[in-house]
Amino acid sequence: MKNGSSVEVRLPSELGFEKIAMSTAAGMAQLMGFSQDRIEDLKTAVAEACINAIEHGNKFDDRLDVGVVLSSNNDELEIKVIDDGAGFHSAPSTPNIDRKIAGEEEPRGMGMFLIQSLVDEAEWHKGPPGRSFVRLVIRLDKENS
Amino acid sequence: MQAATKVARRNATAASGDDVAILAFSGDIASTSKEAMLQAYHAVGPVKKVLLDFSGVDYINSSGIAIIIQMLLEERAAGHRTIGIFGLTPHFKKVFTMVGVAKYATISPDQAAALSEM
């Protein structure tokens, strides 16, 4: 695959379509030579980013799409997941399983934590409508880390 | 777009001699799975040990994991049942451990191992 190759996918704001982005990301990572373990990490991170965009960004609005842009650059794969929401600016918090089991914290709310834990870089960018995005990066040189 | 969650119930006996209800899931484990999973879970009856079998599942997201946490939360509150998990891929075993599920449910590689640990 040529360095700088880019693929763009547009998803309806409906749960389940995140699997299209997962498959696309997995295919691109496979072409770049990532291990299956890293591809599984990437698939989960991309799915969670798309689910957040569908649910919280676009609020299931069927007039809005979620944009997914995948770009290879040397040994790194960058994925931007773009929605029409206000975006997040704060760092994700680590879920507290004890508080969840005690009923003191919602059972949900683990997506951003998983994204940040499973990729090498994760950044949330606030922007005007259609411009809020999360940027994920995985690198080949992190294969054995 | 999401594959409907199906749940099949079967029974087994743990190494301790206790009856065990096994709930075998297939399809996606996501927010849309909540009704199917919790209904099946609430219908297991008076058994004190339940195993959740994910060997037929390819896709689990954080909303699906939240449903499993909901089961653990209910059992913690009621205090009368033990839940174990088996059949996860190595990736999802890692994810379940990352979010802390492994602290409240034993995660075993397969049914035989899960039953021997109960």
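In the predicted model, strand β4 of chain B, spanning residues 82–86, is joined to β5(B) by three bridges, and the two strands run parallel. Within this pairing, Gly84(B) has Thr106(B) of β5(B) as its bridge partner. Strands β4(B) and β5(B) belong to an open sheet of five strands in chain B, arranged in the order β1-β2-β3-β4-β5 with mixed pairing.

At the β1 end of the strand order, helix α1 of chain B, formed by residues 34–42, lies across β1 and β2 (19–29) of the chain, and α1(B) runs at about 30° to β1(B).

The contact between the two chains involves 24 residues of chain B and 21 residues of chain A. On the side of chain B that touches chain A, helices α2 (62–78) and α3 (90–99) of chain B each supply at least two residues, and the largest share, amounting to nine residues, comes from α2(B). When the residues on this side of chain B are sorted by class, 13 are nonpolar, nine are polar and two are charged.

Methods: Residues are numbered from 1 along each chain as its sequence is written. Chains are lettered from A and ligands numbered from 1 in the order in which they are written. This is a predicted model: local features need pLDDT of at least 70, side-chain atom pairs count only at pLDDT 80 or more; totals for chains, interfaces and linings use all residues. Two strands pair if DSSP finds at least two bridges between them. Helices (H or I, at least four residues) and strands (E, at least two) are DSSP runs, numbered from the N terminus. Two residues are in contact if their C-beta atoms, placed from the backbone, lie within 7 Å. Axes are lines fitted to C-alpha atoms, for helices over the stretch in contact, and angles run from 0 to 180 degrees between N-to-C directions. Ala, Val, Leu, Ile, Met, Phe, Trp, Tyr, Cys and Pro count as nonpolar, Asp, Glu, Lys and Arg as charged, and the others, Gly among them, as polar.
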